[in-house]
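Please look over the sequence and the structure before reading on.

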Amino acid sequence: FASTPRFIVIKNADQYNRWYYWDSINGIVAGSELRNYWNSGSVDSALDLIDPTSSGFTVNWYNHSDHNMNTNGHKYIYYAVA
């Protein structure tokens, strides 16, 4: 990427977990963003799961019940559009 993507989708492929998505309308910031879910139709509390960089984004580690993100030993599916 030449800059931060405007739309990002991430899902843990190893477990039944939510499809998380972020977009530039709701904000992709260095800090906490609201987590949006495709398969539950809700918005959850803000967590710092992703951070923008000058060449894309970084996924931060988070592991809590069914909210796994960037956890060692798991495979993830992602889709990002600049």
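This is a predicted model: local features need pLDDT of at least 70, side-chain atom pairs count only at pLDDT 80 or more; totals for chains, interfaces and linings use all residues.

Residues are numbered from 1 along each chain as its sequence is written, and side-chain values use heavy atoms, with hydrogens and water left out.

**Strands**

- Helices (H or I, at least four residues) and strands (E, at least two) are DSSP runs, numbered from the N terminus.
- Strand β2 (residues 20–23) pairs with β3 in the antiparallel sense over two bridges; a pairing requires at least two DSSP bridges between the strands.
- Tyrosine 20 is opposite tyrosine 37 in β3.
- In strand β3 (residues 33–37), four of the five residues are buried, where buried means under 20% relative accessible area, exposed over 50%, and partly exposed in between (1.4 Å probe, protein chains only).

**Aromatic pairs**

- Rings of Phe, Tyr and Trp (its six-membered ring) pair if their centres lie within 6.5 Å; planes under 30 degrees apart count as stacked, over 60 as edge-to-face and the rest as tilted.
- The count by this rule is three aromatic pairs.
- Phenylalanine 7 and tyrosine 21 form a tilted pair, because their ring centres are 6.1 Å apart and their planes are at 40°.
- That pair links phenylalanine 7 in strand β1 (residues 7–12) to tyrosine 21 in strand β2, 14 residues apart.
- Phenylalanine 57 and tyrosine 78 make an edge-to-face pair, with 6.1 Å centre to centre and 75° between the planes.

**Aspartate 23**

- Aspartate 23 is in strand β2.
- Aspartate 23 is buried and has no salt bridge; arginine 6, the nearest side chain of opposite charge, is 8.6 Å away.
- A salt bridge here is a side-chain nitrogen of Lys or Arg within 4 Å of a carboxyl oxygen of Asp or Glu.
- The side chain of aspartate 23 reaches the backbone nitrogen of asparagine 26 at 2.7 Å, and a polar atom of that side chain is 3.2 Å from the backbone nitrogen of isoleucine 25.

**Asparagines in loops**

- Asparagine 60 is in the loop between β6 (56–59) and β7 (62–64), and its relative accessibility of 18% makes it buried.
- Asparagine 70 lies in the loop between β8 (67–69) and β9 (76–81).
- Asparagine 70 is partly exposed, at a relative accessible area of 37%.
- Although not a glycine, asparagine 70 has a positive phi of about 60°.
- Most residues other than glycine have a negative phi.

Key. Lys and Arg count as positive and Asp and Glu as negative; His and the chain ends are not counted. A polar contact is a pair of N or O atoms within 3.5 Å; within protein, one must be able to donate a hydrogen and the other to accept it, and residues adjacent in sequence count only if both atoms are side-chain atoms.
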